[in-house]
Amino acid sequence: DLAISGINRGDQVITIGGFLGTVREVRDDTFQIELAEGVRVRILKSAVQTKRAAQQPTPSSAALEEKE
């Protein structure tokens with residue numbers, strides 16, 4: 001899939017399960033994504049639903065900004 005092949009380290013993705021994460025490593029058929037600081041998981045590339053636009057904050061970071 002062209003959209004999946006365009007995903008690189010540092011990109012934010014949404015999985016088909018609804019998880020939001022930042023790509024930390026790209027392999028042939030998997031990504032390692034970071035869901036929270038220090039929480040990394042390996043997923044199949046086919047489990048990525050979409051790539052998020054870089055300027056969109058994640059819900060957790062937006063909530064933190066509001067609290068400051």
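**View 1. Ser-5 in helix H1.** Ser-5 counts as exposed at 53% relative accessibility, where exposed means over 50% relative accessible area, buried under 20% and partly exposed in between, with a 1.4 Å probe and protein chains only. The residue lies in helix H1, which spans residues 2-5; helices (H or I, at least four residues) and strands (E, at least two) are DSSP runs, numbered from the N terminus. Between the C-alpha atoms of Ser-5 and Asp-28, which are 23 residues apart along the chain, the separation is 10.0 Å. The model is a predicted one, in which local features need pLDDT of at least 70 and side-chain atom pairs count only at pLDDT 80 or more, while totals for chains, interfaces and linings use all residues. Residues are numbered from 1 along each chain as its sequence is written, and side-chain values use heavy atoms, with hydrogens and water left out.

**View 2. The open sheet of five strands.** The strands follow the order S4-S3-S2-S1-S5 with antiparallel pairing, two strands being paired if DSSP finds at least two bridges between them. Strand S4 (39-44) and strand S5 (48-52) stand at the edges with a single partner strand each, so one side of each is left without a neighbour in the sheet. On average, and with direction ignored, neighbouring strands of this sheet are turned by 45 degrees against each other; the axes behind such angles are lines fitted to C-alpha atoms, for helices over the stretch in contact, and angles run from 0 to 180 degrees between N-to-C directions.

**View 3. Strand S3 and its two partners.** Five of the seven residues of S3 are buried, so this strand is largely enclosed by the rest of the structure. Four bridges join strand S2 (residues 20-26) to S3 in antiparallel fashion, with Glu-25 opposite Gln-32, and a hairpin connects S2 to S3 through three residues. Towards S4, strand S3 (residues 30-36) has six bridges, again antiparallel; here Gln-32 stands opposite Arg-42 and Ile-33 opposite Val-41. The hairpin formed by S3 and S4 has two residues between the strands, and Gly-38 in the turn has a positive phi of about 80 degrees.

**View 4. Glu-34 and its charged partners.** Glu-34, placed in strand S3, is buried with a relative accessible area of 14%. Its side chain meets that of Arg-24 in a salt bridge (2.7 Å, N to O), defined as a side-chain nitrogen of Lys or Arg within 4 Å of a carboxyl oxygen of Asp or Glu. Glu-34 lies in strand S3 and Arg-24 in strand S2, so the pair ties together parts that are ten residues apart in sequence. Glu-34 also forms a salt bridge with Arg-40, the closest N and O atoms being 3.8 Å apart. Arg-24 is partly exposed at 29%, as is Arg-40 at 46%. Salt bridges with shared partners join Arg-24, Glu-34 and Arg-40 into one network.

**View 5. The pair of Asp-11 and Lys-51.** Asp-11 and Lys-51 form a salt bridge in which the closest N and O atoms are 3.4 Å apart. This pair links distant parts of the chain, since Asp-11 is in the loop between H1 and strand S1 (12-15) and Lys-51 in strand S5, 40 residues apart. Asp-11 counts as buried at 16% relative accessibility, whereas Lys-51 counts as partly exposed at 41%.
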